[in-house]
Each structure stands twice: as structure tokens, then as C-alpha cells.
4 protein chains.
Amino acid sequence: MVKAGIIGATGYAGAELVRILLGHKEVEIKWYGSRSYIDEAYSKVYQNMFQLVEDTCLDDNIGELAKQVDVIFTATPQGFLAGVLTEEILQQVKVVDLSADYRLKDVGVYEKWYGITHKSPQFLEEAVYGLCEINREQVKKARLVANPGCYTTCSILTAWPLIKEGLIDPATLIVDAKSGTSGAGRGAKLPNLFCEVNENIKAYGVTTHRHTPEIEEQLGYAAGEPVTINFTPHLVPMNRGILATEYASLKKIRQEDGSFALPTGGQVMAAYEKYYKDEYFIRLLGEGACPETKWVEGSNFVDIGFQIDPRTGRIILMGAIDNLVKGAAGQAVQNMNLMFGFPEQEGLQLVPMFP
Amino acid sequence: MVKAGIIGATGYAGAELVRILLGHKEVEIKWYGSRSYIDEAYSKVYQNMFQLVEDTCLDDNIGELAKQVDVIFTATPQGFLAGVLTEEILQQVKVVDLSADYRLKDVGVYEKWYGITHKSPQFLEEAVYGLCEINREQVKKARLVANPGCYTTCSILTAWPLIKEGLIDPATLIVDAKSGTSGAGRGAKLPNLFCEVNENIKAYGVTTHRHTPEIEEQLGYAAGEPVTINFTPHLVPMNRGILATEYASLKKIRQEDGSFALPTGGQVMAAYEKYYKDEYFIRLLGEGACPETKWVEGSNFVDIGFQIDPRTGRIILMGAIDNLVKGAAGQAVQNMNLMFGFPEQEGLQLVPMFP
Amino acid sequence: MVKAGIIGATGYAGAELVRILLGHKEVEIKWYGSRSYIDEAYSKVYQNMFQLVEDTCLDDNIGELAKQVDVIFTATPQGFLAGVLTEEILQQVKVVDLSADYRLKDVGVYEKWYGITHKSPQFLEEAVYGLCEINREQVKKARLVANPGCYTTCSILTAWPLIKEGLIDPATLIVDAKSGTSGAGRGAKLPNLFCEVNENIKAYGVTTHRHTPEIEEQLGYAAGEPVTINFTPHLVPMNRGILATEYASLKKIRQEDGSFALPTGGQVMAAYEKYYKDEYFIRLLGEGACPETKWVEGSNFVDIGFQIDPRTGRIILMGAIDNLVKGAAGQAVQNMNLMFGFPEQEGLQLVPMFP
Amino acid sequence: MVKAGIIGATGYAGAELVRILLGHKEVEIKWYGSRSYIDEAYSKVYQNMFQLVEDTCLDDNIGELAKQVDVIFTATPQGFLAGVLTEEILQQVKVVDLSADYRLKDVGVYEKWYGITHKSPQFLEEAVYGLCEINREQVKKARLVANPGCYTTCSILTAWPLIKEGLIDPATLIVDAKSGTSGAGRGAKLPNLFCEVNENIKAYGVTTHRHTPEIEEQLGYAAGEPVTINFTPHLVPMNRGILATEYASLKKIRQEDGSFALPTGGQVMAAYEKYYKDEYFIRLLGEGACPETKWVEGSNFVDIGFQIDPRTGRIILMGAIDNLVKGAAGQAVQNMNLMFGFPEQEGLQLVPMFP
């Protein structure tokens, strides 16, 4: 059995890691790190875990933890891991970081969008961006994986094949995203109170949300050139789920008869299938389908649908994930599976729960 | 006292008309029309009205109704009013139609998007599109007002001044809208069941929603040329509220020094104020503000904010309304006030309810 | 115009006072007291009030406030008013206290259940318990009114006539109550986060909730002897509303033929009507009716229904209110209306909002 | 592999059976019966099952089905199974009936509460009431198991040990229960629309709910004498979960010193442990704990807590389940596991999902 430690085990993403790893055949959790609840029974903090987890919360001493486990998950605020990670640690354990510390290759971009100094930029080059469906081979060899953000996972995977294949113009891409409230974390903040969120919807972080440069960097790799987009997140009165509605202008492509024309639905579908046909966790619902977040709740699936508008020459892409699973803990486990050579679906064959 | 009749009084929009008119000093409801509940006490259908409404539901005989009242509100399915309206009726009463029958001037567009034959196109020219803030003077003289749709009211008012003033390029306009579930009506349909909507979000009617041509027609008047847009509605797990998030490329405008540059936040705000400064029901929250549907719940307000993105040259506009008030019954009463010469705010000084 | 000051204007109950008083013809708010937001615009704290309230929050200097206004509402934590109230203040202004400080006549009971020392027990005798339908005449003459708690208002009014008339045995009374989350206040506490409350229901404060002795004291007056009950509150994933489901054994009463038998539905209804027939804010739905909190949302109504179970000899009483209106701010305004000789319904003819 | 057929596979309980059985190592589903969706792809009806279930819905021909599978689950309306069950079928397959048809031993009680004639009372005696923790040994040998109702499972298990041990007086038992909306089924009915349920709570079926005699019968076995109770269900704006809050007077019991006194918390806990100590699916949270439905969501657990009130001599018991799992499909699978000799937890080690 692989031994795992979690730093930040009492946030929502950390708790979801616990839920998933309890069903993983090859892993046992040895360290429930939580600065806020040291020495408290984990099942007192998350009473759904009563009689399932007997452990007590420990502090976040990563040096000590590295000696005791084979893999560390950090579900911590931005800057934490960058401040404590060392080469020594990486020689002892594999690390899957659910924070943003190693997602952006350009330290300047990181420091500008996050407003903090990066304490260990020397690991940026080595860190692998853990979007498994795109970077699978690099993840397998990685010591340090930067687990993608929730919005970014959904936004990137929904658009990737169409940008890679040149079917849409990246300069026209607009991502209008909607998230459940667990994405805001378990901090006791007024805007996240039930009465403030319930019966309400709003945009936030308009033009400034930190997932923007992450989406841009990854889609830039697909495009082969820098991409600048608009990304607008919204807070939805539900616990889980992200829906990304994406708009882009289609590009004329060479057709069989040599002429240039906008791609058909079949050609769009073919582009998706080229990259995702064998991807278990990506479900291509097809043209005309509108994914619903409830269809993926509790699972590691990404559901994708699209609709072409011949009137405007645009395509509307729609992707849905569970922000805590494929958008956080599930993808982290998927990355761990790749890093340790386990079957990629181990622990992740979670059937979506409806209703 | 003006006497009012409502046809379709037991739908959500009809019931909201009742709620608002009960607080209107100049009007009394004399006819609660409801094909489904004939002879049943209205307060049995809407038990919130217990002891407030003593009347029984009547059928939808508009000819008889026209003889008894001064104004008729039709909160009925598409095609109903077009099928029964006559010149004789219009000579007897004023009509505010909450359906789409007289919203589109081009009968061909109506028949294409709604899939039904228009039975009385002869009234299309006369009908006034009842977006009070834009068409106030025509409404005052109207016999027949086409009350705008919920999505359209929010979408149009949020963009109108910027298109009118040439600050944005209409061809780039994308409206991503989110609505509470009351917009789907009170019909007993599976997709509107609590368990299907709760903890879920989805897009629907992508590229085909019937409010699209209505937005295009009205914004076309502002632009002085035909406008074609993308409009995507989403269903949100809440009862009330519409949020429209709109994206458009800014157009360079002549600056004081003679050069051309993208408009500043101040210039955008000035455009809004030019048209809305004295509009009681439009609240300009300003640059950087993100309206929330909860801030307008139960009221006739439209809250508008915006954010410029210098990175992409786009502006993101955000508008919020209560879909049943400014998006339906409230605006219908506002239209009636104008038609009868009542103070425009009469019955509509509804303070938003929070939480 | 009567001038009003609110201390604690930025809690949910305080904000509801603002909402209601904005529609009151005889009152204007001169002081928005809020220790947490001094010098901030009130409409920044509650953005639903944008352009409706221009004032800035002030501190909670009750001495200064007493000189400037005619009535003070205190929507403050337990112990605040008791710590600052003086005879001098009461000689200058009328006070409606929404906290529990003067609700219980027995200072020992207060100190035991609330766990704090009462700083001004000398006003306990004078204070009038502001349950308007029961204590109307005393309220009219009061300087200091203790506005009843939310659970208590609903629980007491639902049972009062049956206890007063001896139809039920008070010793068997069990109140199982369910409340929306606004009852927990606007404090940023983990248990009130959206994700903790949504899709969840729980009991809390079982056998220890502070509204218990308040219900017991008032029902004791009706019974003419001390009453001890079980009261169990539950937290429901909704913003507003309280439903009290009450169980009690019926007592045999003398029938017309001289025999003793359990009361009929008609006799129960007659008891309710004896006390509530002319009460505008109490709506007797009748035997077999199950009130729903949505039917009273936003209004000052109390809806009451009941069902007799001949199998067990018990009666089940059900009462529903909006916890922020009849359970707090609405009743406070109703009390103020009585104290100042205004029509009792002034500002309170709020039609319930559905959906 | 055991072959299973489901009749009523497209209701919420049927769909939950599918979700659970997809993770069961010993079972494969061969028949998705659904009268409403014959020949439609199951994953079109429940799109969460896209790419997980390839089958098409079949009709509900139980005779044909019995020849093809080893076990049949009927998640059908009352009266269906009673109308079609035969000895021949029972000789071919085991049957787990999720309807009420064989739950009540007394056909007269069934016919009175359900208002229909029982078509096959000859199987009533044979049918085993499938409350696994109570009737485990009989279930193991059963051909026909009557799977308990959702409310009843929760209500009975929460009270059983205390009645069995004589710690509470059954005549005083009152069950106030709260359920998520999935308990109302997937039928397209107005009262179950999102806008009718959201932001609302109500009691329903007061004194007449059909789960009442089922609770009474089972608790009567524990008491050794007939039990008559009050049971009041409430509809809560959430998808899943049942919370039962139960009230009963404690009975004095002989203490170690020979005197008689009310039981202590320790004595109550001992009674629970006597029956449930080794029950994996029952989690005893202990004295003072208030279970929350979210702690068991998606799992087969029953969480139980209690509180003694020395002031009234009553005890308040609280039990929480997921109505679709332990209250329906999970318990059905648990019964099947017992009937086929599989490990009782197979397929049911579902970690509760939070949030």
C-alpha cells in the first residue's frame, strides 16, 4: 500500500481527497494535516467520516511528513507549498499540489496575478501541469505535479481539441463559467453564508480571476501562440459543479472539395474524438447536447456538448465537471495513479449521483 | 378606480400581477381569468392570497371581459391573444400583453421562431413595445402594449446606451443569461421538478431561444442597423432573478484631443447616464460593480454594472432584474401606469427583499 | 413624521426593519446604528438599498440617539440593551427591543438560560411583552416593549387559544419547529455557510434553546399555571420562514348534552375564532389545512391549521410565519404602531411573495 | 454473476438501484424495466449514466423477466407487484419489493390505509420485512422481501432498542419527520415543482400518512403489544435525506440499588449498543449529538443521536438516513446480499459525500 499524506485535509478539497482515497485499493492515508484542527479527531471536523476515519488531525510539518509517506497532497492556500518545498523533500516523496504554486511556468505572471512573491521558482520548470488527458506521459514521470484549477480544468478541456485543430479563433474565445459554492472554500466569510448565496447569482472577479492566465497558458500551447481570453466566473446557489459556456468564432477550414468553409458539426465532433475518443473520464455528449452539472456530480467525468450557430458563425461549447472531483481531488488522484503506475481509473469509478 | 382583468391569472406572472395590483391605489382587479381553475377560489390556487383575494377564477372570455373592465392583462401562452384580439376589443379596453404575440414587428420572424401562424398581424404595427424607459411616449398613447420578455428586458436595457452611442460593436455582442426557475412557468413538467433543478445548472435553447430575435430587433433600432447576436439562457436553482452577462468589443471613439481610443470607464458611465440618469427603476452601480439578483428581488429595479478589460478590448456588462417583476408583471403595471396617466411608480415602489 | 433610530441596523432583522419602515407613511429613519460598519454607506452593506437609503452607518450611542428620535429599535445581541438602558432614556423615547433582554419576567430564568447577568432588572416589570394579538392594550401604553422571539411568536400564537380554553393539556405540549437560516443571523460562522446548510437538515439546541422559557412563560399565563414543554428547533435550507408543528393531547370537555368528550374540529375552530376572529395578521386556515412558510413569505401573517387524530387523542397544530417579519421586524413595527396610535396595519400590508 | 432485473428502473429509487448495483461485484443488471420509457436508451432518461449503461428500457413483463434473472427488484407503485406476483415467479427468482405491497401483515390494515384491494394476500405471511438489522436471519432465507419504506426505516431503527428494552413508553411516541423531495418521486406534479418546494417547508399527510401503520406494526413487535403513534412527515427543500425527530416519555427502570428511576444517558446508550454495536450501517453518535442528513448523503448509514430532558422526563431521539439509499435502494441491495449470501456490505461501502 502506498502511504499518503494530506496537508490541508480539512478544506473541502482535502475532505474530498479523503472521501476518494477511502475507496482506493492501493492507498492508505497516514497523515491528516490541518493547521486549524491539530489534535482534533478528523471525524469531528467532518462528521460524515464518523467510524470511517479514526485519525486525529496533525500539523503541516512537511519535512516530517515526507519521511513517513510516499505521496503528499497539498490542498493549501497559494504560497504555502512554494514556501516550504525543497529538493530534499522531492527526493523522498512525490507531491501533488492542488494549489496554484506551480501551475504557471512564468513566475512573473504568477506574481502579478496572485500578488505574492514565489519562494521556490526553481521547481517551476520541473513541475508538470497535471491535466492528465493532455499531459499523461509527463505526469507518469513527474516528482511534482501541479494539479489544475477547477475552472481551468473544465475550461481548457472543453476547448482544447478545437484550438489544437484550428477550428476556432482563440482571439475570440470567451469563457462564461458558473460554479457551485464549495469552490469558495470552507472559510467562514460573510459572502459565503447560506442567506447571501441562496436565491442569488452574481459574477465576480470579472477580468481579474486568477484562473485566467492558467487557461491562457495551456490553450496557448494548443494554439502554438499566446492566447488572451475573457473569463468570467459566477457563483451559483448549489454545493458542487462547474459549467463552462464558451463562445468562439469558427475558422474556415479546407473542405474535401478544396474550398474553405466553416466546420460542420461532424467536423467538430471529429476533432473532439481525435483527442478524447479513448478518454474514460471525458464524455462527448455530441452536437446539440447541453451538459448539466448534476449529471457528473460526485464523479470524475467531464461532459462536453456544443452547438454551432450559422447565423453568427460562432460555436458555443459547454463543459461540466464536479469542481471537487475532476476539478480538484479526483484529478489529483488520477495524477497520483499515473505517477505510481496504478490503473488510471482506480478509486475513480464513481457513478454520478442523481438526484 | 380603474378596473382590471387578468387572463392567465394563475400562472406565476399572473399571480405576480395580482400581488402588485393589490398594492396599487388606482386599480382593482375584477376578473381573475384561468382556464384551468374555473370556479375555484383564487386563494385556493395561491394560498398566499388567503383572505386577500376573495374572488373565484373565471374563464378567459375576452369579449365579455372587455365590456367589464378598463384594462386587460394577458399572461397567456403564445398565440392566445393573437387568436382572439379584435378591433372591437381594442375600442373598449386597453390591453397589455405579456406574451410574445405583438413584440416582433416582422410577422415572418415571429412565425419562424415561434413555429405558429400569427392570427392577427394587422395589429403588429399599432402595438407598442412596452420597454418603458425606451418607448415611454409611445406607450402613453397606446391601446395595445407588447410587454417585453424577461430575458429581453434585462438584456436590452443593459446594452442599449452603449450601442446607441456607438461605444460597442453590436456584431460582437454575446449575451450569456441566467434565470431562476419561475421563468419556466407553473406547468407540471419533469425538467422543472425540484430534484431536477436543485443542485444543478445547465444551458438550454442554445442558439434557438425565442427571446433572441426580440433582443436583436430592439438593439437594431439602437444601432440603426440589423444586429445579430448570440444569446444563451441558463437555468439556475433559484426561484426568481435574471442575470445577463454581456460581452462586446469596445469601439474606438474620438477623444477630446482628436485621437481615437477605446472608451474609458468614465465615458461608458456617461453614456449610461445620458439615457438613464432620471430613470427611477434603473440603478447604475458603476464601473467594477457586479450586480446580484438578490439585490433586486421582489422589486422593479434593473441593476447595471460593467467592467472594461484592456487586455482584450472588450467590455463586460452585467444586468440584474427580478424576472417576475421588471421582467413581467412589474413592467406590465409600469406600462399600465403610463397608459392611464398614473404616476409611473404607483404600485411599484417595492423595496427589494434581502435575504 | 415620527423619527426612528435603529441600533443593529446591519443584522438581518435590522435590515428588515429598514425594508418595512421605508414603506411606512408615518416614520422616517434617522439613525442607522451599526457598530461593525460605522461611517460606511448603509447601501454598501445592503446593496438592495442602493438609491433607497442614502445614510451612513452610525455608532450605537443610545444616549445621543435618544435625544434625536422618538422611537428606538434595538436589534442587538442579548445583554446590550440591558447594559445601557436608563430611566432617562425611557423618559425621552419609546423603545422596542428585538433582543431577549426584557422578555422574561423572572430575572433568574433569564440569567440561567442566557448565561449572563442582567444589568437592568429594574425595567423587567415595566416592560410589556409585545405579542400584539395577546397584549394589545398594554402595548399601547408602554414605554418599553420586549419584542417576542421568532420561534416564540409562532409557537405561542399557534397554541394560545387552545390552552386558554382548556382544550389541550399543556403538560403534553411538544413543539417541533423548523426555521430558515436567516434566523441564525449574519455572523460569518462556519455552520451557516451555504455548503453546510444547503441539502441538509438538523436539529440543534435540543432541550436547551433559549426560546423555551419564553414560550413556557407566556403559555403559562394562558393556562393559569406553570407550563413545561419540549421545544426542538431545526435548521432548514431556506432563507426565511418558521413552521411550528405542535403536538398535544386533547382534554375532554363538557358537551351540550352534559357528557364529556374530546373536542371536535368545530370546537377547536371556535376557540381559535374566539381570540383571533378580528385579527388581521392571523389567518385561520382551518381543520385539515397544512400551512406552508412560502404562503407568508415577506408578510406579517401567521397562518394556522390543525388536524385532530382520533386514534391517539392528540391534536397537531401547525403555524407558519416569516421569521424576519412577524418573527422580528414586522411585529416590532406593529408594536410601534400601537405605541404611537397609528393604524395597526400601517406599513405592514405586505402581500406574501410567491414563489 | 447474479443477474438482476429492475421493474420501475426510471423512478428515483430505481435509478439509485442502478447507481449502487453498477458498483456491486457480484451482480449485473440485465433488465431495465420502465413502462414509461420502453425502447428508450436508459442513459437518455438518466444522462448521468451516459457511457455507463448501454441498455434500453424494457417493459414490465415480470413473467418473462423471471425466466431471465436471479433477482427482481420492484420499484413500482403500490398494488403493482401484488397484482402480478405468482408462486411460479417465486419459484424462479428472488424478489425484493420496494413498494408497500407486502410490508403489512394484516391485509385489512393495508387496504384501509392504501385504499386498494390486495390482489395476492396469500404471500403476506411468507414475505419477510426486510429491515436487515432486525430481521437478518429471516431475510437470509426469504424468497420475497418487503423492503421497508424510507420514513419507516429511519423511524423504526431510531426507536427500536429503547422500546425493546422498555426504556420509553410507546404510547407517548411522536415521530416528526422531515424528508428531501426525491421521496415524492419523479412524477411531474405541480406540488413538486422547484418553485413550489424551494424556500418552503410544510407538513403533509398529517395523521394519515401510509407509513404510520408500518412503523406501528414493527414497533409493536418490539413492544410486545400494539403501538399507536403520531407520525408527521414534512417536505424539505433538499433532494435527499430524512431526519426523524422522535419524542417519548422515559419509563422508570430498576436501578442497581433497587430503586426505580428514569434511565440515564449511559443506560440509553447501553440499550442502543446492545442491538447495534456490531451493525456497520448504524452509527451511534451518542448523547447530545444531533445527526445531520448531509453526514449520510449517498451512503447506507443510519446516524442516531439522542438527548434526555430531565425537565419533562422525555427523551428526544434523532435519526438520519439518505432516503434513496438506506431508505430504499441501499437497503434493497443489503437485503439481496443477505438473500444470496454475499458479504452484507458488498456494493454498499459508500462514503457519505460532503458537501
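**Figure 1. Polar contacts between chain A and chain D.** In this predicted model, 10 residue pairs make polar contact across the interface of chain A and chain D, both partners being at pLDDT 80 or more. Two elements of chain A each give two or more residues to the side that touches chain D: helix 1 (12-21) and strand 13 (282-287). Strand 13 of chain A gives the most, with four residues. By class, this side of chain A has 18 nonpolar, seven polar and eight charged residues.

**Figure 2. The extent of the interface of chain A and chain D.** Here 33 residues of chain A are in contact with 33 residues of chain D. Together the two chains bury about 2,900 Å². Carbon and sulfur atoms account for 64% of that area. How many salt bridges are there between chain A and chain D? The count is zero.

**Figure 3. The extent of the interface of chain A and chain B.** On each side, 50 residues take part: 50 of chain A are in contact with 50 of chain B. The area buried between these chains is about 4,100 Å². Carbon and sulfur atoms give 55% of it.

Figure 4. Lys178(A) forms a salt bridge with Asp176(B). Their closest N and O atoms are 3.0 Å apart. Polar contacts join 30 residue pairs across the interface of chain A and chain B, with both residues at pLDDT 80 or more.

**Figure 5. Elements of chain A that touch chain B.** Several elements of chain A give two or more residues to this side, including helix 9 (194-197), helix 10 (211-223), strand 14 (302-309) and strand 15 (314-321). Strand 7 (174-179) is also among them. Strand 7 of chain A gives the most, with four residues. The residues of chain A that touch chain B divide into 23 nonpolar, 14 polar and 13 charged.

**Figure 6. The largest cavity and its lining.** The whole structure holds four cavities of 30 Å³ or more. The largest has a volume of about 60 Å³. Its lining includes Asn198(A), Asn198(B), Asn198(C) and Asn198(D). Pro237(A), Pro237(B), Pro237(C) and Pro237(D) also line the largest cavity. Phe194(A), Phe194(C) and Phe194(D) belong to the lining too. By class, the lining residues are seven nonpolar, four polar and no charged.

Key
Residues are numbered from 1 along each chain as its sequence is written. Chains are lettered from A and ligands numbered from 1 in the order in which they are written. This is a predicted model: local features need pLDDT of at least 70, side-chain atom pairs count only at pLDDT 80 or more; totals for chains, interfaces and linings use all residues. Side-chain values use heavy atoms; hydrogens and water are left out. Contact means heavy atoms within 4.5 Å. Buried area is the accessible area (1.4 Å probe) that two parts lose on being put together, summed over both. A salt bridge is a side-chain nitrogen of Lys or Arg within 4 Å of a carboxyl oxygen of Asp or Glu. A polar contact is a pair of N or O atoms within 3.5 Å; within protein, one must be able to donate a hydrogen and the other to accept it, and residues adjacent in sequence count only if both atoms are side-chain atoms. Ala, Val, Leu, Ile, Met, Phe, Trp, Tyr, Cys and Pro count as nonpolar, Asp, Glu, Lys and Arg as charged, and the others, Gly among them, as polar. On a 1 Å grid over the protein atoms alone, a cavity is a set of points where a 1.4 Å probe fits but cannot get out, and a pocket is an open set with protein on both sides within 12 Å along at least five of seven lines; lining residues have an atom within 4 Å of a point. Grid points are joined across faces, edges and corners, and a volume is the space filled by probe spheres set on the points.
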